[in-house]
Amino acid sequence: MCITTTYFGSVSRAKKWFAQNNIVLDAKPIELCSTAQGIKQIENSIMRLTHGMTA
């Protein structure tokens with residue numbers, strides 16, 4: 001959650017992002033945390049956001 005907290009600026013904002021449906025991930029990010037593939041998808045999504053890409 002560290003890169004997510006860094007991107008969103010607070011733990012509470014990061015938690016909110018993890019709990020909401022995400023169009024790009026086609027799921028709530030928290031639902032993807034149980035697999036290595038899901039974690040990689042979350043990391044990739046945050047990295048795209050960090051670089052200004054929304055989709």
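Three aromatic pairs turn up in a search of the whole structure, which is a predicted model. Phe8 and Trp17 form a tilted pair, with 5.8 Å from centre to centre and 35° between the planes. Ring pairs join Tyr7, Phe8, Trp17 and Phe18 into a cluster.

**Aromatic cluster**
- Phe8 and Trp17 are both buried.
- The ring centres of Trp17 and Phe18 lie 5.3 Å apart with the planes at 90°, so this pair is edge-to-face; planes over 60 degrees apart count as such.
- Trp17 has a relative accessible area of 11% and is therefore buried, the cut-off being under 20%.
- Phe18 is buried as well, because its relative accessible area is 8%.

**Fold**
- The chain has four helices and zero strands.
- Along the sequence, these elements give the pattern α-α-α-α.
- The radius of gyration of the chain is 10 Å, close to the 10 Å from the globule rule for 55 residues, so the chain is as compact as a globular protein of that length.
- Taken along the principal axes, the box filled by the C-alpha atoms is roughly 25 × 20 × 20 Å.

**Burial, contacts and surface**
- Of the 55 residues in the chain, 25% are buried.
- Among contacts in the chain with a separation of 6 or more, 30% come from residues 24 or more positions apart.
- The chain exposes about 3,900 Å², and carbon and sulfur atoms supply 57% of that area.

Definitions and conventions
Residues numbered from 1 in each chain as written. Predicted model: local features only at pLDDT ≥ 70, side-chain atom pairs only at ≥ 80, totals over all residues. Heavy atoms only, no water. Helix = DSSP H or I, 4+ residues; strand = E, 2+ residues; numbered from the N terminus. Rg over C-alpha atoms; globule rule 2.2 N^0.38 Å. Buried < 20%, exposed > 50% of the residue type's maximum accessible area, 1.4 Å probe, protein only. Contact = heavy atoms within 4.5 Å. Areas by Shrake-Rupley, 256 points an atom, 1.4 Å probe, with all protein chains shown as cover. Phe/Tyr/Trp six-rings, centres within 6.5 Å; stacked < 30°, edge-to-face > 60°.
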